[in-house]
Amino acid sequence: MTIKVIGEDGKETIVRDDEKDMKVLISHPQKIGFASIVCTMQGIEINSLLIGKKVDNNSYQNLKVLSLNLSANRVEFFCGDGETIIEFISYCRKRVTEGRYEWPQKKMNVIVVAPYPPTPTATTTPLPTTTPTPTATPTRVPVSATTDKVVVGSQYQVLSEGLSVLFGSTLKIDWSGTELPQDAGEFHVYVEVNGDSREYLGRRIGGKVFLWPSSVETVSKFLSGPTVPSRYRFEIAAIKGSPRPWASSKEVFLLHSSLPAVAVLDSAGDLVEVREKDEDLPMGRELMIVADFPRMGIDATVALMVHWQVSVNDAPWDYLGQSEPMDNILRWRTGAGNVVLNYRGGPQFGSTYRFRAVVFQTNGDKKFTVPSAPVAFKLAR
């Protein structure tokens with residue numbers, strides 16, 4: 001097996017499993033891509049039990065998969081200071097897509113080494129501003145990409161960076177895991193709704209979690225809470241220094257908790273549940289499949305990857321595609337890169353579909369969701 005290691009600057013390093021010392025030195029912590037260019041089998045799999053940043057020489061913490069491209073056999077992680085050890089396993093993709101694992105054919109470790117940062121000099125922190133007015137058109141200074149992710153969850157789901165689809169009517173926005181200055185006494189929260197321009201949502205004093213709706217700290221326009229269904233993206237400004245540092249969330253979908261545990265929506269644009277049939281124009285063929293993992297007793301925080309299966313006209317289940325990265329949503333449309341080749345043409349008129357997800361967990365177990373209701377896909381007249 002041969003792995004190509006690609007840095008943020010595009011610099012490439014080749015490591016092979018016949019080498020004794022498979023270490024790659026990088027100048028600073030950064031996002032690193034890994035691509036399999038020679039394999040004994042058809043692909044590579046990442047063993048999350050042995051993925052992690054080395055801590056105290058004997059313990060590990062899991063890494064977050066930043067992106068995964070199955071067709072290119074490429075995956076990206078953020079490699080922090082010190083040693084980051086990643087184990088790659090060659091495997092037969094056909095057997096994995098059918099849901100049958102066999103013993104791995106070959107393994108190799110890649111160790112990425114970055115220098116530790118110098119010890120910072122202590123400085124006096126000025127008292128935070130407590131004005132309730134929104135930040136006036138500040139210059140954005142994103143924090144380091146290592147943790148520049150604001151985590152969003154609903155009222156009953158565990159906060160998880162991995163999930164794009166949330167269910168309910170209350171949102172929790174958490175930035176405690178970012179590199180925003182945690183000694184800032186005040187944070188301003190902004191929201192983008194359905195792709196519209198950013199608006200001031202409210203502020204948080206003395207905390208790193210914002211609950212929406214919150215009658216105390218939410219501006220009057222948004223007091224009633226999120227609109228369901230909708231798409232949301234959040235940004236946080238730390239009220240400290242000039243220019244003020246920012247961090248942002250990815251876009252999330254907030255849907256009604258009354259939806260089925262595995263639901264089929266018309267598209268990501270209108271978020272309308274499909275019941276029995278969906279009628280699309282030839283150039284707009286799309287189905288969006290979502291799953292409420294917590295409702296089915298599936299812990300998304302220990303999920304490694306999610307495969308989606310389809311039954312066409314009541315035929316046996318077949319592999320459709322994979323959420324990239326691990327997620328509870330699959331958008332099936334023409335040319336989707338995370339859908340296997342034989343289904344990449346999108347949903348076909350005249351066919352009836354059912355869907356389910358297979359959640360592979362870090363301990364090697366896999367969980368099957370309940371199937372969706374059947375959907376007949378028809379040409380719009």
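**Figure 1. Y232 and its aromatic partner W212 in the predicted model.** Y232 is buried in this predicted model, at a relative accessible area of 1%. W212 is buried too, with 1% relative accessibility. The rings of W212 and Y232 form an edge-to-face aromatic pair. Ring pairs extend the view to a cluster of W212, F222, Y232 and F234.

**Figure 2. The tilted pair of Y190 and W246.** The count of aromatic pairs in the chain comes to 12. In one of them, the ring centres of Y190 and W246 are 5.2 Å apart. The planes stand at 40°, between the cut-offs of 30 and 60 degrees, so the pair counts as tilted. Y190 belongs to strand β16 (residues 186-193) and W246 to strand β20 (residues 245-248). The partners are 56 residues apart, and their pair links distant parts of the chain. Y190 has a relative accessibility of 4%, under the 20% limit, and therefore counts as buried. W246 also comes to 4% and is buried. Y190 has a further neighbour, R198. The charged end of R198 sits over the Y190 ring, 5.0 Å from the ring centre.

**Figure 3. The largest nonpolar core.** This core holds 29 residues. L287, F293, L320, W332 and F355 have the most contacts inside it. At least two core residues come from each of these strands: β22 (262-265), β24 (286-291), β25 (303-312), β26 (318-322), β27 (329-333), β28 (352-361) and β30 (375-379).

**Figure 4. The surroundings of F293.** Neighbours within four places in sequence are left aside here. Beyond them, F293 contacts L163, I298, A300, V306, D327, N328, A357, V359 and T369. F293 is one of the residues with the most contacts inside the largest nonpolar core.

**Figure 5. G168 in its loop, with S258.** G168 lies in the loop between β14 (165-167) and β15 (171-174). The residue is buried, with a relative accessible area of 7%. S258 is 90 residues away in sequence, yet the C-alpha atoms of G168 and S258 are 8.4 Å apart in space.

Figure 6. Residues 47-60 have pLDDT below 50. Beyond near neighbours in sequence, the model gives this stretch 35 contacts. Residues 91-104 also stay under 50. Their contacts beyond four places in sequence number 25 in the model. Where pLDDT is low, predicted coordinates should not be read in detail. Across the chain, pLDDT averages 77, and 72% of the residues score at least 70.

**Figure 7. The chain as context for the close-ups.** The chain contains 1 helix and 30 strands. Of its 381 residues, 49% count as buried. Among contacts with a separation of 6 or more, 61% come from residues 24 or more positions apart. The accessible surface comes to about 18600 Å². Carbon and sulfur atoms account for 52% of that surface.

Terms used
Residues numbered from 1 in each chain as written. Predicted model: local features only at pLDDT ≥ 70, side-chain atom pairs only at ≥ 80, totals over all residues. Heavy atoms only, no water. pLDDT = per-residue confidence, 0-100. Contact = heavy atoms within 4.5 Å. Phe/Tyr/Trp six-rings, centres within 6.5 Å; stacked < 30°, edge-to-face > 60°. Helix = DSSP H or I, 4+ residues; strand = E, 2+ residues; numbered from the N terminus. Buried < 20%, exposed > 50% of the residue type's maximum accessible area, 1.4 Å probe, protein only. Lys NZ or Arg CZ within 6 Å of the ring centre and 35° of its normal. Areas by Shrake-Rupley, 256 points an atom, 1.4 Å probe, with all protein chains shown as cover. Core = buried A, V, L, I, M, F, W, Y, C linked by side-chain atoms within 4.5 Å.
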